[in-house]
Amino acid sequence: MLFHELLRTLNAIRERFMTSLERLDELPSFALLQNTSDDLRESYFNLKSEVPQKLSQAFESRFVIAIVGSSGHGKTTILNEIFPHLAKRGWLVTDVTDTTSQSLRIAYAPPASDSIDKVEVHSWDIDRIKSLFSADEVKLQNEKDQIQVLYHEDSIEVDGTNALFQKKDLKQFKFPLKQTLTPFPHSYPVPAARLNDAEFIRALTIKEQSSKLKADPVLRIDHTEYNSLQLRAVVKNISLYDGFETIKGWLRLSEEELGNLVFVDTPGIAVSGSIKDEVLRHPLEIKSNQVVLDLLENDELDILVHMVLCGGQSDFAILWKALEKSGKISMDHLCERLIVAVNGANLYFENDDLARHVKEGDHFQVTLEENILQKMSPRGRVQPACICFLDSKRHVEGSGFFSSKNYEKVYAQYKTEMEKWMDEDSPARRHLIHCRLLETFAKNIEALKDASDRGQGFLIQQIVVLIERNGPVLLIKKNLIRTTLLSLCDRLLQLLTRYYSDNGEVNCYATQRAVQEVFQGFAEDPLETIGNFCEDYIDGQIDACIRRCENQTNWIERSFLSCCSLLTDELLKTAKPPDDVAQIVRNYLDQQMARWARTWGYAAARLSPPSANNGRSRFLLHHSLQTHMREILYQLATSQTSLSDMQSFQQTEEDREIMQTILTDLKEAVRDGESLCTQYGVAP
Amino acid sequence: MKSNTVSNQKAYQFIVLPYTGLQICRGFPTYIKEEKEIEKIWNLGKKIAARHAQDEAVQILCKHIAVNCEVDATGWIPCSHEEDVFFRITRTATSLLLDLLIDTRHGAGKQYKNKIPCLLEEKRFGLMRTSYTLATIFIEEHGEASGKRGTLLIDYGNSAITSIFYPTGGKTFENTVIPVNEPFDPNYKTRAVEGKRLLRSNVCLLRVPTNPDYEPWVVLGEPAADLIIKEPLCTYLFAPKKYVRHWPERLKAQEPSTTYRGVMGQRDGLHPMFRFVELGIKQLLESLISTLVNPSETSLSPEMYPLIERITLTYPQTWRECDREKFCETFRKIAQEYIYVDKKLIGEIPIEMICSEPVAVAAYLLWESIFYYGPDALKLMSSTLGNVDGEETLRILVLDIGGGSSDIAVVQVNWEVTNANDIDVRFRMIEAMRFNRAGDRLNHILVTALLDYFRKKYEIEESLDFEAEPNNLAFTISEKRTAITKLNELAEQAKVHLSQSEQPWLLEQSEEESLLAQGFRPLVKKETTADHLPFFELDRKTFAEWIRRDTQAIETNGEPGFMDIFLFLRDLGQTLKANGRPPHLAVLSGRTTRLPIIQKLAVEALDMPYHRVRTLQQLLPLTIHRPGHENPDKISVVAGAHRFRFGDNIRFIPLPGEKVFNRHIGSVRETPDGLKLNQVFANPGDSIPISVTSLKIAPLKDLRIGHSFRKDGLAQVIAVLSNPTTDEKEVSIDLLDDFTVKLNHGDEVTLAEWIPGGNDIIADNFFDTGKIDANPKDFIARTIVRDFNTVTRSGVEI
């Protein structure tokens, strides 16, 4: 679960790329080239602006596991039993359903360490808070209620003094009708004195009854005070630490492996608005979903555990739709890191409706297929990476004084019944197979029966199994593909090789002098001349180039290379430069051809070769080649630097060596990245 | 009473369905075969028809209905009083045929199971009666017809409309554009199918019953253009879409209005222009359904009945939400009232505003490209579309120059091939702008130059303005309309010629004489010929020069000219480049973009090479060989909307716009160089929305709010705050995005939203008014086509 080697390689790629950027910014030849070439300057600027912030920090083999589910599906109860220490400290509240909308981030800390008691509160930035208010449905509701919102540069002012609240609601209001929401200037480390302050913790985590609520400030950061209503809107997450004692009891994991696991308790999705949110009722109604979406969109989650109460329906489709719309995440990739955890397996026997389905043998059809897998996505059935069943001691045994049930005894009875579901003649077996559950179900039952596990341990084990199985793929996709690191390395390399030779020498002067000589005829209006030149010398011959190659393997790439040769020949034939100049141009174009073939997709494209009856692919390729031949001429015509500046420039040996290192680093980065992708079957 | 009745058992039935518009059946067969009887009935028919010759409806039908006027025919005979059901008898060498007409929207024409005889009846000798039932018209229930479920997709353009009926579950290619039959088209035989597919949007009223319960007869398309020349006083809308605009109560007084007058009949007073837009839409829907039911207007019974499950519309990029809602609501209301709905299938027809027009164009381009390249060559496709650096996303700038407005949109696209080989295409709009200058502006410039030429050569001084009193009383509105139509036709000719040829366009002597003989007839001597100097010759270079001169000016009160589209493009291109996301490709769509100068101007403005600034025709070499797609710029919006909605395994997912401002927004001041920003409230990159408080407006003054790409660049007005009081007022506004301003506080201050890209909704609409080069007077002649030298045939300038 540690993937040291893989992580080292990934970080090496990242470091090579980032160091290359740093070096480039200090390299005199590169600075001069940027000053003299608009094309280089713009391309480099574009590339740099696409470098994500994430690449400035080393990749970690940390896996963030989020528990996502609707309110009332028992998410916090389960977490309570997995993290009893945090529950005891009051951070995991289960006695109320009205919790505030923020995520709890639970990381590992050795029990005796200093950080075990550390708690930090983080806020959203102003843009994110603004987005709560500028969502269409919120705007509409606020307007309807005549709640005035003013959007200032660093705060939002919400004024409900003229709002149309019902009198009975107004009577319950505890906070002023005018609220200013300001993001924290920095995160708030909870002082030691307040770590066990129940009132403080409750103010942060739950929406108290009006009678118990105080409108006083809960905390103060720099000069700004925040009451609990304001905190509900501005707080993004709370970081907590735990010794993972229960998990240690279930799995033998090293300290380092435990340190790689981070659990995130997300707020319940699909919650409805609460009058307790007073003047902020409309924006806070959508906040829970926004918190989860934020985590997903920002790629902060590696594994998603979707918890659904047995017999209950999944509301995941709400997130799915929003995620699709955000466009920031591949939904196909999401499934491979998704676990569905069905909570409350006892309900198959305790709930009358479910018990009836159990008798009829279609209980998986209803509880898994219809209620969850077919409901999770608006695009049809979802097949998660894993499905498991779990339960909570509190629910099975009941809570309170009159609790009389014993978990183990109850499950001893259920176990016999559940095992029958795997029998050859059981109708439930078909569903177990369909849901790819048959293999793990027996172990899952064993775990459920075990009062110290309750399927919770099994869930954690499944998470670990998933990480072990898919960890490398997840890490590669997350760090190499989704950050676009590999593509950035490749693009930077391609860009530099237009101006430098492999040994780091600025080659563009000679090349461009040669190109300029060849392009003398293009001088008046190069853009129009490009079209005219191609129409006169190239377009008519493209078909022949394709036909020569179409019966060969890699006919698309070969056709392209053949056209490039044609272009070079025709260009030199027309310009008639001296032999040495012609040779430089030829060498340069030869070098670039392979790069273009790759970057423009000729090397990877698969089109069926043309046949006697169907010349479509030839026609299509003809179109691409026509366009790209013009593009080549355009690049040659416009990537010229100001030669007078370049002429006086003498590249130092140090400059050359640094550039050689950069080019070597980038080549290695691309090579290593591509080989990782090949090794783990990830599409680059 | 004795009667000699020929039983209607023999008569053939014309079966129609209610709510299928005006149903025509030409050449309907009769049972009459005997020569004697033919003669008898023919004579009787003529006699009866003569009795109705003065009926209002009959008079209209005689001149305007789409039947063959060259055949030997009786006049029109009403089947019954007060019902719009008529027939006429036509005679061939051996038989009698009928032309039938029934309005299925009212009265007898919409009564299920109603049977209406086409009866010839004559009383003889007092009580004796002879009657022949030549045909019956039967109103069948919809449920009995072969229903075909599907979606109606409509691109309602300023100058033309294209529509598709896409059967539910059909193949993607099963979507040919409907060639709309216009029932009031006496020249139907000579209309090209292409003209029916690309139905001109203009609307003209034909018959206006005084009874408000009866809807008028409305003519659309080319027949409407023909009609207005003959009947210049009819209510006529040249580009109806320009009148689709939400007018809040406080601005209602500014809503344009006109008379309500047909060839026959009128209603009192002035009526909002939008009322006629609604009538046009109603007529459009009816004609579409009528065409689907009875495609050649010769079917004896319905070929099928389209069970419309939804109507899908596109809209201009920068229509405000309220304008979109108004447009959508209009279709909803009309569909609810006039389209039959199978309640077992749906409650009511949903109207979907599927995507904006430039997005539809981009969707069309992408769908067609992805379709042909396939999932295994998408990188090649992307680079062919200009993404030559291998970036993750493709950015496409669409410049759609339509008939009356131009849309610019930049969409950022990426795609993902899923495990099932489906392709999810995600779209995000990153910039958008609209101009009220488009193809009609170029016509306006050309018409001004032509008119100027005619004035000088033939010493014509009369104004073509419909409202101007002529010195020569014979130069009536009808003459003026004819002249304008002819001038516009010549302008079109010039544009087409300059699009296709490098040679200058020469005004043919015959064309010149034709205009003299028609529109300008009362103003020139009868024997005037055009065979003397000078001649009108226009080359590409001169035309390009004119376009370049057409920019925003103080004189035009800051209204942009055609060239401002490209100045905006330049600023946009620079901004996108500075933000690290220059467009990879610029797609030129709309007929006007076929002019080579448009490509050149776009190339210059965007600083991009020609092969990355292309028309759809140039970008889709395989598509244009498919039947119906030969002119992709004509169908790209409707076909793109179709792909957007029913893309099969290529699925389009629109992403919400970015929540940041892309422009500087602030108050606006006038400078000699045009409008510029004064106090800036929001800058590019700031998150939306922003509130501006304590904004002071001087007594009796306006404060204009505008946006621009550069702080010191040209600004476009987006809203005007007016203080009508004599006290200074303090207001608070919200800037909701680059185009939308909301007034929060401000007693008595009013906010008027402006349409960016030109607020004058009827800019260049000289066709409706006759006001050529009137805004301001002679601006085009003085500023744009100045120094124009007409030439001799040998090319020597005069």
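Chains are lettered from A and ligands numbered from 1 in the order in which they are written, and residues are numbered from 1 along each chain as its sequence is written. In this predicted model local features need pLDDT of at least 70, side-chain atom pairs count only at pLDDT 80 or more, and totals for chains, interfaces and linings use all residues, while side-chain values use heavy atoms, with hydrogens and water left out.

**Stop 1: chain A by domain**

Colour chain A as domain 1 (1-52 + 484-506 + 651-684), domain 2 (63-481) and domain 3 (529-648). The bounds come from an automatic or database domain assignment. Between the centres of domain 2 of chain A and domain 3 of chain A, taken over C-alpha atoms, lie 56 Å.

**Stop 2: chain B by domain**

Now colour chain B: domain 1 (3-140), domain 2 (147-349), domain 3 (356-437 + 570-655), domain 4 (439-549) and domain 5 (664-753). The C-alpha centres of domain 1 of chain B and domain 4 of chain B are separated by 46 Å.

**Stop 3: the interface**

Show both chains. Contact (heavy atoms within 4.5 Å) involves 53 residues of chain A and 57 residues of chain B. About 4600 Å² is buried between chain A and chain B, with 53% of that given by carbon and sulfur atoms; buried area is the accessible area (1.4 Å probe) that two parts lose on being put together, summed over both. Select Tyr151(A), Arg379(A) and His623(A): in chain A these lose the most area to chain B, together 12% of what that side buries.

Next, select Lys742(B) and Glu143(A), whose side chains form a salt bridge at 3.6 Å, N to O. The term means a side-chain nitrogen of Lys or Arg within 4 Å of a carboxyl oxygen of Asp or Glu. Between chain A and chain B the count is 4 salt bridges.

Then select helix α29 (residues 616-638) of chain A, which supplies 12 residues, the largest share of the side of chain A that touches chain B. Helices (H or I, at least four residues) and strands (E, at least two) are DSSP runs, numbered from the N terminus.

**Stop 4: a sheet in chain B**

Select the strands β12-β11-β10-β18-β19 of chain B, given here in their order in an open sheet of 5 strands with mixed pairing. Two strands pair if DSSP finds at least two bridges between them. β12 (199-200) and β19 (351-356) of chain B are at the edges with a single partner strand each, so one side of each has no neighbour in the sheet.

Finish at strand β11 (residues 160-167) of chain B, which runs antiparallel to β12(B) and is joined to that strand by 2 bridges. Ile161(B) has Leu199(B), in β12(B), as its bridge partner.
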